[in-house]
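Hi there,

Here is the structure I promised to pass on.

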Amino acid sequence: MSTALQEPQTETVNYLNAEYGWKSWLFTTDHKRIAVLYLISISVMFALGGVFAGLIRTELLTPEGDLFNSDTYNKVFTMHGVVMIFFFLIPSIPATFGNFLVPMMIGAKDLAFPRINLLSWYIYIAGALFALAAIVMGGVDTGWTFYTPFSTTYSNTFVITAAVGVFIAGFSSILTGLNFIVTVHKMRAPGMTWGRLPLFVWANYATALIQVLGTPVVAITLALVGLERAFHIGIFDPAIGGDPILFQHMFWFYSHPAVYIMILPGMGVISELVTCFSRKGVFGYSFIAGSSLGIAIIGFLVWGHHMFVTGMSMYAGLYFSLLTMFVAVPSAIKVFNWTATMFRGSISYETPMLYAFGFIGLFTIGGLTGLFLGTLGMDVHLTDTYFVVAHFHYVMVGGMVLAYMGALHFWWPKITGRLYPDGWGKFSALLVFVGFNLTFFPQFILGYMGQPRRYHAYAPEFQVLNVMSTAGASVLGVGFLIPLIYLLWSLRYGKPAGNNPWGAKGLEWTTQSPPTTFNFDETPIVTEEAYAYAKHEETHVG
Amino acid sequence: MSMQLPLWPEAASDIAVDIDHLYIYLSLVSVVMSILIFGVIFIFAIKYRRRGDEVPEPIHGSLRLEITWSIIPFLVMLTFFWWGAKIYFQNAVPPPNSMDVYSVGKQWMWKVQYPGGQREINELHVPIGRPVKITLASEDVIHSFFIPALRIKHDVVPGHYDIMWFNATKPGRYHLFCAEYCGTEHSGMVGWVTIMEPADYENWLAGNGSSGTMAQQGERLFEQLGCSSCHTQDRQGRGPSLRGVYGSRMQLSSGQTVVADDAFIRESILNPNAKVVTGYKPNVMPSFQGQISEEGILQLVVYIKSLGTTNAPGAPTAALQLPGATGRTTAALLAHPDGGKQ
């Protein structure tokens, strides 16, 4: 037992109160403060993207396009996608919880490059400002996919401004990834071998590889879109000698792996939650860790499954379809191992665990419906319909956002030192689950019926299912608002959390809550594997 | 508010029925998998709920289990892959006896023309019981030709021709949607496909008079644009005679050969220097890029086809009918990166 494990009697010195004033935040190099800066920034972007989502669902309450004109609707769904994907989902878990936890979980004082970490936040803010500027000036209407030659030649909106925003934000993602890779390689505490790393660290490490290797490709692609739009250089527009399909290859070469940037850290969170709330070591540690790397690698080889109806070679279609089946295997391995971890466990149902249950259910449905889309003949009918919209929301919201909410509720006591009311937490988790399914399940049916995505007005026979979807979105919105209220409330009125309110394993729980600026008074020495719940002695310190 | 709640789209083609069977199979497997996983989690969550301060012993894993739950799902997925690929390949190649229809996507409408010269907008009329091959072109951005009742869809990418085909089986009126986002009125780029009994279809064709067949319209364009002054009927003109050219294998001055299909003719009109037939000089023919619509080019293609076809030895009548040859002219783009003189 070290002093760090004793309950703080009064307000102790921690990373939040070590320094005061706006300068102490804007010039901080503390990974935990930068994580908080990211948490605030991406929450603002999430709220903005959520408002756009609400506007979309309100318009789609009736078949006629009556709330906005078509141009406005097209801008609204574009900005929903751009904001949610590039400014919320991609940075979400790595930049907040990864930033906060990776150094603490491996027993380090900070990331390897604390100043680069701060720089990545400023770059993110600069990118976000460009995106916001594009919205304020009048919006973008290309869809988040920026397909050519519409984006390069035909759209009359602020494409370059938005593309510059995404281009800049990409560098923030690259720097975060770089920082994590070096940190995990070089900063592990004595005894923290690769085989003892928490699975959350493995997941963020795999994510970092994709961020570093994939993001430059989307940066180049968007730069070419901007150049073609400004100077008509003839890369993508066939009227000036370009090839529009080349854009799709380049875009999806990044944007499919980007799906794994979004989901892998979420899978890492679920591994932490399932073990903690089963109070039991993880089943198949090396398979869960290895499957993260497998997903990162195979994920780079499947991009063509977005292009089965573009006139791509049929034989290329065979290859991409087969590899898509292949990449599903490591995801399935994770689900089975989480399930096996619960076997003969001691399972409790606090709020974070409810989100973990929700994740496993919704991600399973998202993954299985992804197989429909990876099946060649099936995809011909389903692609570009609401089936695709439903599928990727099951993965991105049902998977990633639920994991994010689970992480927020799990590590909130560590980050803030306060407890939130668990009853409200459970209630809102239930609302999110019910609201989510009501919003997106009808969209699978709509898609098979043939309703195309990105439609401002739709055929009247699709209305009932759309009304269900909009009703669900309202419930979902409330489900996200309630945590906002009680979490802010807890900052002031929440009970002190103590160092380890969940009885969890992991070095981050051996520190005080909130942690001190350098996390550990003395560098911890690790003598046991991850999730050693059955061992009663604490991790040795000092 | 319309209170109807349709849950299954109508199936009006052979392939639609096949795809429905595949969809039912995929759905059943998914439901079984989900019930297994959720059921096991539910049972564990109840049976092993926390009762006190017990700390369960860890179970580190089992290689046998890991292999089992990797291999079995993968084998099941291979059945998805195989079935889906089978339908995709069947769907890729139009039968040789297909009836031709031509459609041009344009912000924000579908223009349709028939070999008999009939034309319509956002409407497509086809008979049952005959394969119909639609040659698709885009005047501007990428569109996608989607008929849910037939379970088929194909992107219409500017710069080359795309091909789709179907065999309709059930008369009726069905939705035609643009499925690829194409700008302001994307959701207004919709229309109707009318599938008719063959006799009704013949009546419909006859009742929609037109100013000549597509070939005749093409011939008029051929005269108006001055094509005929070089491409004379004999072999004395500055350009090759086009009689009997369609479908033949052309020797190019680069040493390559190419089959004179729709894509080649289109490219030769818009970018004549990309592939010059041996014995003729480059830089003689001007590019017609920007001077002729995609509809006009299709009329010229049909006209040139009407001048007689040759089946090149070992070559199908159109490269598009070769599995794997997709009609994309990437080779032409590579051969001519500047895309011709603008």
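Y531(A) is buried, with 26 other C-beta atoms within 10 Å (buried means 20 or more other C-beta atoms within 10 Å of a residue's own, exposed 12 or fewer, partly exposed in between, with C-beta atoms placed from the backbone).

Please keep in mind that this is a predicted model, where local features need pLDDT of at least 70, side-chain atom pairs count only at pLDDT 80 or more, and totals for chains, interfaces and linings use all residues. Residues are numbered from 1 along each chain as its sequence is written, while chains are lettered from A and ligands numbered from 1 in the order in which they are written.

N519(A) is found in that segment after helix 16 of chain A too. N519(A) is not a glycine, yet has a positive phi of about 70°, and it is buried, with 24 other C-beta atoms within 10 Å.

**Another cis bond**

T148(A) and P149(A) are joined by a cis peptide bond with omega of about 0°. P149(A) lies in the loop between helix 5 (114-137) and helix 6 (150-154) of chain A.

Helix 9 of chain A (residues 244-278) has 35 residues and should span 51 Å at 1.5 Å a residue, which agrees with the 51 Å between its end C-alpha atoms (the expected span is 1.5 Å times one less than the number of residues). Even so, helix 9 has a kink of about 35° centred on W252(A), the bend being the angle between axes fitted to the seven residues ending there and the seven starting there. Of its 35 residues, 32 are buried. R279(A), with a positive phi near 50°, follows helix 9.

I270(A) touches W338(A), A356(A), F359(A), I360(A) and A403(A), leaving aside residues up to four places away in sequence (contact means C-beta atoms, placed from the backbone, within 7 Å).

**Between the chains**

Here 85 residues of chain B are in contact with 81 residues of chain A. Helix 2 of chain B gives the largest share of chain B's side, 16 residues.

Best wishes

Terms used: Two residues are in contact if their C-beta atoms, placed from the backbone, lie within 7 Å. Helices (H or I, at least four residues) and strands (E, at least two) are DSSP runs, numbered from the N terminus.
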